Amino acid sequence: MRERRAFGGQFGTKVDSESELCACLGSNEAKGGMPHVLSDALADPTRAAAEHWCKNDKSKNVPPVIDMGGLKGLDRDRVNREIADACANWGFFQVINHGVDVSLMRKSKEVAMEFFQLPIEEKMKFTRDPGSNVYEGYHHPVLSGQVAPGMTQTLEYLLNVYEPNLQIHRDRVPTTPTTYGPTIAEYTTATRGLAERILHRMSNALGVDQDAMYSRLAAPTGSRSTFRLLYYEPKMAIDNVALMPHTDPGALTLVLSDEVSGLQVKKGNQWLDIDPVPDAFIVNVGDMAEVLSNGRYRSAEHRGVYNKSKPRVSLIHFYSPDLDATLGPLEDIVDDTHPAVFKSFTYKDYHTTFVTMGLSGKSCIETFRIQK
């Protein structure tokens with residue numbers, strides 16, 4: 001097994017391996033109780049409410065909620081199975097008891113909203129330069145005079161790359177509020193670890209080594225973590241779509257939303273609301289997970305819509321391959337009976353195609369499919 005990178009460091013508990021994570025999580029199944037979690041969720045009354053959501057009602061047409069609290073023994077098989085089923089049939093699911101500190105999640109939402117509530121002249125100090133190829137920073141469509149492809153004129157966002165090497169564009173990270181920088185750095189580290197734990201489960205469910213998907217995404221120099229804040233103003237409109245239908249080009253997307261609904265996933269010909277579960281993460285399967293799994297997992301079209309009466313903020317972690325990574329279906333799941341359905345390509349080529357095509361459903365991934 002590969003040597004794993006340590007997460008946490010100065011910002012929290014350092015966990016060097018998944019086995020150590022399991023030890024931290026612990027369990028009291030022998031006593032008939034629920035598994036412990038790293039965070040303060042056990043003492044939190046919202047946990048009971050979240051666990052209620054985990055009793056998935058198959059009759060309801062909504063993405064499943066998966067309890068990741070048990071990562072040892074037979075319960076790990078259950079987590080693998082539920083994640084694989086959600087990846088294959090929905091491309092979306094929510095996770096509770098995920099090991100990320102609930103107080104950190106709440107603090108991150110607070111500093112995100114504080115940033116968007118700043119005077120516009122303060123936010124514009126961290127604006128992206130539309131005349132350069134640097135896409136990090138704050139973006140206001142009206143003041144910049146440039147509406148981002150697939151977005152509307154009232155959708156503000158802030159985007160920063162945290163891995164690899166944030167230092168290059170550190171001036172694009174807000175210094176107001178003062179707690180923003182260290183809080184979001186800690187949050188990104190914690191959610192990066194969660195993304196890799198989910199990738200382990202996805203790999204195991206394919207019948208390959210748990211590091212199989214991670215290793216392909218990280219070669220040759222390391223996977224990427226991009227953090228985006230989205231702020232939706234309340235809006236009364238017949239067409240309330242703020243973010244056009246699309247899939248995400250990376251491997252996994254983790255979304256932390258406030259209690260205001262506004263994310264929709266396409267299932268068949270229907271657009272279905274995803275109501276955020278308290279203190280849960282919404283997990284979105286990206287195009288690269290579909291490619292690596294040779295189509296067994298599916299990226300799903302989704303869109304953002306306005307709420308008619310309340311503002312909404314979303315914290316989004318895009319976990320993506322190294323730009324120079326060579327990607328295609330995992331060799332161990334391809335054979336004469338199950339031939340490769342996607343070409344081999346570099347992520348740089350894929351991402352360039354995605355940016356050129358814009359937010360246009362699943363059209364990008366289809367251009368990399370092997371035509372029969």
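Predicted model: local features only at pLDDT ≥ 70, side-chain atom pairs only at ≥ 80, totals over all residues.
Helix 10 spans residues 347–357, and within it Tyr347, Tyr350 and Phe354 are buried. These three residues lie on the same side of helix 10, because together they cover an arc of only 60° around the axis. Exposed residues, namely Val355 and Thr356, are carried by the face of helix 10 that is turned away from this buried side. The surroundings of the buried residues comprise both helices and strands. They pack against helix 9 (287–292) and helix 11 (363–366), and also against strand 12 (312–320), strand 13 (326–327) and strand 14 (345–346). Just after helix 10 comes Gly358, which takes a positive phi of about 75°.

Attention now turns to charged side chains. Side chains of opposite charge can pair when their charged atoms come close. In the whole structure, a search finds twelve salt bridges. One of them joins the side chains of Arg78 and Glu82, with an N to O distance of 3.4 Å. Both residues belong to helix 3 (residues 74–89); because they are four residues apart there, about one helical turn separates Arg78 from Glu82. Arg78 has a relative accessible area of 16% and is therefore buried, the limit for this class being under 20%. Glu82, at 27% relative accessibility, counts as partly exposed.

A second pair consists of Glu122 and Lys125, whose side chains meet in a salt bridge of 2.9 Å, again taken from N to O. Glu122 counts as buried because its relative accessibility is 17%. Lys125 has a relative accessibility of 56% and so counts as exposed, a class that begins over 50%.

The partner of Lys348 is Asp324, and the closest N and O atoms of the two are 3.5 Å apart. Asp324 is partly exposed, its relative accessible area being 45%. Lys348 likewise counts as partly exposed, at 42% relative accessibility. Elsewhere, salt bridges that share partners connect several residues: Glu290, Lys362, Glu366 and Arg369 are joined into one network.

Methods. Residues numbered from 1 in each chain as written. Heavy atoms only, no water. Buried < 20%, exposed > 50% of the residue type's maximum accessible area, 1.4 Å probe, protein only. Helix = DSSP H or I, 4+ residues; strand = E, 2+ residues; numbered from the N terminus. Arc of directions from axis to C-beta. Contact = heavy atoms within 4.5 Å. Salt bridge = Lys/Arg side-chain N within 4 Å of Asp/Glu carboxyl O.
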